[in-house]
Amino acid sequence: MEKIILIGNGDVGSSYSFALVAQGIGNEIGIIDLDKAKAAGDIQDLNHGLAYVGPKTLYVADYEDCRDADLVVITAGAAQLPHETRLDLTKKNAQIMKKIVKSVIASGFQGIFLIASNPVDVLTHYVKKITGFPSHKVIGSGTSLDSARLRNAIGEQLTIDPRDIQIYVLGEHGDTQFPVWSHGNIGGLSVHEWLEKHPNFSEQDLGLIAEKVKNAAYDIIAAKGSTHYGIAISLARITRSILKDEHAVLPVSVHLEGQYQATDVCISSPAIVNSQGIREIIEMPLNESEQQQMYDSIQTLKTMQAQLQE
């Protein structure tokens, strides 16, 4: 059936629904938002393009419509303000999330949750906790966007198609994220091999790029108020892998159950994503520096999780 219910029709939500329509993902898309008039207007606007992309059912939804959905995608939440970290949003958005998720569960929903509201790792863990859903059915967008940003930034620097660069950003979707250089490759060469063959590109350049990627959201928010196109495309990619049972390996926020020597925390790691949600978490063997960065990221998120219980 490929039925998606989107909750939250702000900048991210409306960009996501556009990405779904433009890429031909999903057969049925229902939009839940407090502003029903805007949702109806967006649906009418999207419908006007269906003649060029193929038929699709779009409508203003209610929580009862979640009952037989394959996927519920939550983008609703308070906006991130300039100079405000994602972690500053925790308590503000947790209350919004709690109300939304309880309404979804009341419908009898048994599908997969995909969370994009920030701070996404903490809220993904929160959704798993309050729903009691199995770990594989609660996914956060995590560092899918950060990894794409990193690949794009390196591609721009080297004039290489970012699709031919495979380097994951792991950890928190936020200030403690880190790139896994030790397992990255550029055009089939390891990062170390690339640096050896291209002395005009150095480890210092890598560090500058990683810092640029980490701060990208702050730069965009300062310039235009929010980030929404990149995350919308990332969400569409995750959605396609779920609905089409692609078994794609994507860096998403998952519930750790012993991986990276941690439990009871949601954090980004490569994972195989299919129609059941998370088929498998791929635990990357990190070097000593990366292990410390992952540990620090886990501790940061556990601290934020604990604050929700206070």
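Predicted model: local features only at pLDDT ≥ 70, side-chain atom pairs only at ≥ 80, totals over all residues.

**Exercise 1.** Identify which helices each supply at least two residues of the lining of the largest pocket, and state where the largest share comes from.

*Solution.* Begin with the contributing helices: helix 1 (11-23), helix 4 (90-106), helix 6 (144-158) and helix 9 each provide at least two lining residues. Finally, sort the lining by class: 17 residues are nonpolar, 16 polar and 7 charged.

**Exercise 2.** Describe the lining of the second largest pocket, and determine which element gives the most to it.

*Solution.* The volume of the second largest pocket is about 580 Å³. Its lining consists of 25 residues, and Ser144, Leu145, Ala148, Arg149 and Ser234 lie nearest the centre. Two or more lining residues come from each of helix 6, helix 9, helix 10 (229-243) and strand 12 (248-257). Helix 6 gives the most, namely 7 residues. The classes are 12 nonpolar, 8 polar and 5 charged residues.

**Exercise 3.** Locate the residue that UniProt annotates as a phosphotyrosine, and find the polar contact of its side chain.

*Solution.* The unreviewed UniProt entry places the feature "modified residue: Phosphotyrosine" at Tyr218. Tyr218 belongs to helix 9 (residues 216-224), a helix that also supplies at least two residues of the lining of the largest pocket. The side chain of Tyr218 forms a polar contact of 2.7 Å with the side chain of Asp175.

Note on methods:
Residues numbered from 1 in each chain as written. Heavy atoms only, no water. UniProt positions renumbered as here; feature names shortened; annotations may be inferred. Helix = DSSP H or I, 4+ residues; strand = E, 2+ residues; numbered from the N terminus. Polar contact = N/O pair within 3.5 Å; in protein donor to acceptor, adjacent residues only side chain to side chain. Nonpolar A, V, L, I, M, F, W, Y, C, P; charged D, E, K, R; others polar. 1 Å grid on protein atoms, 1.4 Å probe; cavity = no way out; pocket = protein on both sides within 12 Å on 5 of 7 lines; lining within 4 Å. Points joined across faces, edges and corners; volume = space filled by probe spheres on them.
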